[in-house]
Amino acid sequence: PTLATLILVSEEVSYLPNVEFDEENIMNDALRVAKRYRGLASIAAILILGAQRLEAEEEYTYKKWGIFPRKRKVKVNMKARVAEAMMNVEISELSAAISTLLKMLKVEHFFAVATFLTSINLTKPTKVAKTTGSGR
């Protein structure tokens, strides 16, 4: 798990809508807002691939003028591929995968470092007072 992966997941989570569900009409609410939660598949893809493997290069062969074989490298958006595959996974499996992968991120280490650095920033002096002669 890397900081870059955590940041990318955080960005995707920020795009999810903030919706409160009514327990009496949970089915209607879920069907009404489900279209806005496509980002869940992207979150799973980022967690599965990690920040370093979101893009890859693939080589394919084609024939120039139908005769001469040529090779070309193309960048492939692996995040989109995996996210598309995650769209066809059962919701319970998607939920379990995201939960398990989030536990592997070791978020507590991120918060420990962030809290430590924030506390240092709060305790350092921000301005040094200078004394000047009277009237100057």
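Helices here are DSSP runs of H or I with at least four residues, strands are E runs of at least two, and both are numbered from the N terminus. The model is a predicted one, so local features need pLDDT of at least 70 and side-chain atom pairs count only at pLDDT 80 or more, while totals for chains, interfaces and linings use all residues. Residues are numbered from 1 along each chain as its sequence is written, and side-chain values use heavy atoms, with hydrogens and water left out.

Going along the sequence, they come in the order α-α-α-β-β-α-α-α. Of the 136 residues in the chain, 21% are buried; buried means under 20% relative accessible area, exposed means over 50%, and partly exposed is in between, using a 1.4 Å probe and protein chains only. The accessible surface of the chain is about 11,200 Å², and carbon and sulfur atoms account for 57% of that (Shrake-Rupley method, 1.4 Å probe; for residues, only the protein chains shown count as cover).

Next, the inside. A nonpolar core is a set of buried Ala, Val, Leu, Ile, Met, Phe, Trp, Tyr and Cys residues joined through side-chain atoms within 4.5 Å. The largest one has 19 residues, and Leu 47, Met 86 and Ile 98 have the most contacts inside it. At least two core residues come from each of α1, α3 (39-49), α4 (78-86) and α5 (91-104), with α3 giving the largest share, seven residues. In soluble globular proteins, nonpolar side chains tend to be buried together.

Contact means heavy atoms within 4.5 Å. Setting aside residues up to four places away in sequence, Ile 98 touches Leu 40, Ile 43, Ala 44 and Leu 47. Beyond its neighbours within four places in sequence, Thr 5 is in contact with Ile 46, Gly 50, Ala 51 and Leu 105.

Finally, the rings: there are two aromatic pairs. Rings of Phe, Tyr and Trp (its six-membered ring) pair if their centres lie within 6.5 Å; planes under 30 degrees apart are stacked, over 60 edge-to-face, and the rest tilted. Tyr 60 and Tyr 62 make a tilted pair, 6.0 Å centre to centre with 45 degrees between the planes. Tyr 60 is partly exposed at 38% relative accessibility, and Tyr 62 is partly exposed at 27%. Phe 110 and Phe 111 have ring centres 5.3 Å apart and planes at 65 degrees, so this pair is edge-to-face.
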